[in-house]
Amino acid sequence: MRNLKLETIVAELEQSGRFSLEKQYYQHGSTSVYSHSVQVAFFSLYLSRKLKLRVNERALIRGALLHDYFLYDWHDRDHGHSLHGFTHPGTALKNAKKDYDLDPIEENIIHRHMFPLTPVPPVCWEAWIVCLADKYCALKETFLPLWQRISFAV
């Protein structure tokens, strides 16, 4: 599914903020934060359309693209990132607010995408969709390469 709306919003974020910096950092395995964010946005859009949910697609896409906008290497434990899973939604929201005008849906997506690791749940469909899409993409990025190595070794 090629989506011009997704591509357009990616280009907007690259031109008006630091979104391209996500290419410098790795998320899961060999997947960059940038690639992970684009995949989460793509899958979020796919899910919302497949389930025929009435959502704000622009907010869904922007929130998904910015959900991990923390802009640091979280694997570097020497720089205070040992609690990254709990703290990065707040950091991502702070960075996103600094670089972009966010609406309440986008803010909720970014701030609540780690539920239930962070205890407060999302309050809108868009944030729930991104929360689920993020977990799906993270599992795929983490375990698919491992599964492929195991499958070929047998």
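What pattern does the chain follow when it is read along the sequence? The chain follows the pattern α-β-β-α-α-α-α-α, with six helices and two strands, where helices (H or I, at least four residues) and strands (E, at least two) are DSSP runs numbered from the N terminus. This is a predicted model, in which local features need pLDDT of at least 70 and side-chain atom pairs count only at pLDDT 80 or more, while totals for chains, interfaces and linings use all residues. Residues are numbered from 1 along each chain as its sequence is written, and side-chain values use heavy atoms, with hydrogens and water left out.

**The chain as a whole**

- Of the 154 residues of the chain, 46% count as buried, a word that here stands for under 20% relative accessible area, with exposed for over 50% and partly exposed for what lies in between (1.4 Å probe, protein chains only).
- Among contacts between residues at least 6 apart in sequence, 62% join residues at least 24 apart, a contact being heavy atoms within 4.5 Å.

**Helix H1**

- Helix H1 runs over residues 4-16, and at 1.5 Å a residue its 13 residues should span 18 Å, which agrees with the 18 Å between its end C-alpha atoms; the expected span is 1.5 Å times one less than the number of residues.
- The buried residues of H1 are Leu6, Ile9, Val10 and Leu13, and they cover an arc of only 105° around the axis, which puts them on the same side of H1; the arc is that of the directions from the helix axis to the C-beta atoms.
- On the other side of H1, Leu4 and Gln15 are exposed, whereas the cover over the buried residues of H1 includes helix H2 (33-50) and helix H3 (57-66).

**Helix H2**

- Helix H2 has 18 residues and reaches 25 Å from its first C-alpha to its last, close to the 26 Å expected at 1.5 Å a residue.
- The buried residues in H2 include Val33, Tyr34, Val40, Phe43 and Leu47.
- After H2 comes lysine 52, whose phi is positive, near 55°.

**Aromatic rings**

- The structure holds six aromatic pairs, counted where rings of Phe, Tyr and Trp (its six-membered ring) have centres within 6.5 Å, with planes under 30 degrees apart called stacked, over 60 edge-to-face and the rest tilted.
- One of these pairs is formed by phenylalanine 43 and tyrosine 136, which are stacked at 4.4 Å centre to centre with 20° between the planes; phenylalanine 43 lies in helix H2 and tyrosine 136 in helix H6 (residues 125-153), so the pair ties together parts that are 93 residues apart in sequence.
- Phenylalanine 43 counts as buried at 18% relative accessibility, while tyrosine 136 is partly exposed, with a relative accessible area of 39%.
- Tyrosine 69 and tyrosine 100 form a tilted pair, at 5.7 Å centre to centre and with 55° between the planes; tyrosine 69 is in the loop between H3 and helix H4 (84-99) and tyrosine 100 in the loop between H4 and helix H5 (104-112), 31 residues apart.
- Both tyrosine 69 and tyrosine 100 are buried.
- Ring pairs also link Phe43, Tyr46 and Tyr136 into a cluster.
- Lysine 23 lies over the face of tyrosine 34, at 4.7 Å from the ring centre, under a rule that asks for NZ of Lys or CZ of Arg within 6 Å of the ring centre and within 35 degrees of the ring normal.

**Salt bridges**

- The count comes to seven salt bridges, each being a side-chain nitrogen of Lys or Arg within 4 Å of a carboxyl oxygen of Asp or Glu.
- Lysine 5 and glutamate 57 meet in a salt bridge at 3.7 Å, N to O, and this pair links lysine 5 in helix H1 with glutamate 57 in helix H3, 52 residues apart.
- Arginine 18 and aspartate 99 meet in a salt bridge at 2.7 Å, N to O, with arginine 18 in the loop between H1 and strand S1 (26-28) and aspartate 99 in helix H4, 81 residues apart.
- Arginine 18 counts as partly exposed at 29% relative accessibility.
- Lysine 97 and glutamate 107 form a salt bridge whose closest N and O atoms are 3.9 Å apart; lysine 97 is in helix H4 and glutamate 107 in helix H5, 10 residues apart.
- Lysine 97 is partly exposed, with a relative accessible area of 47%, and glutamate 107 is partly exposed, with a relative accessible area of 26%.
- Salt bridges that share partners join Lys5, Arg49 and Glu57 into one network.
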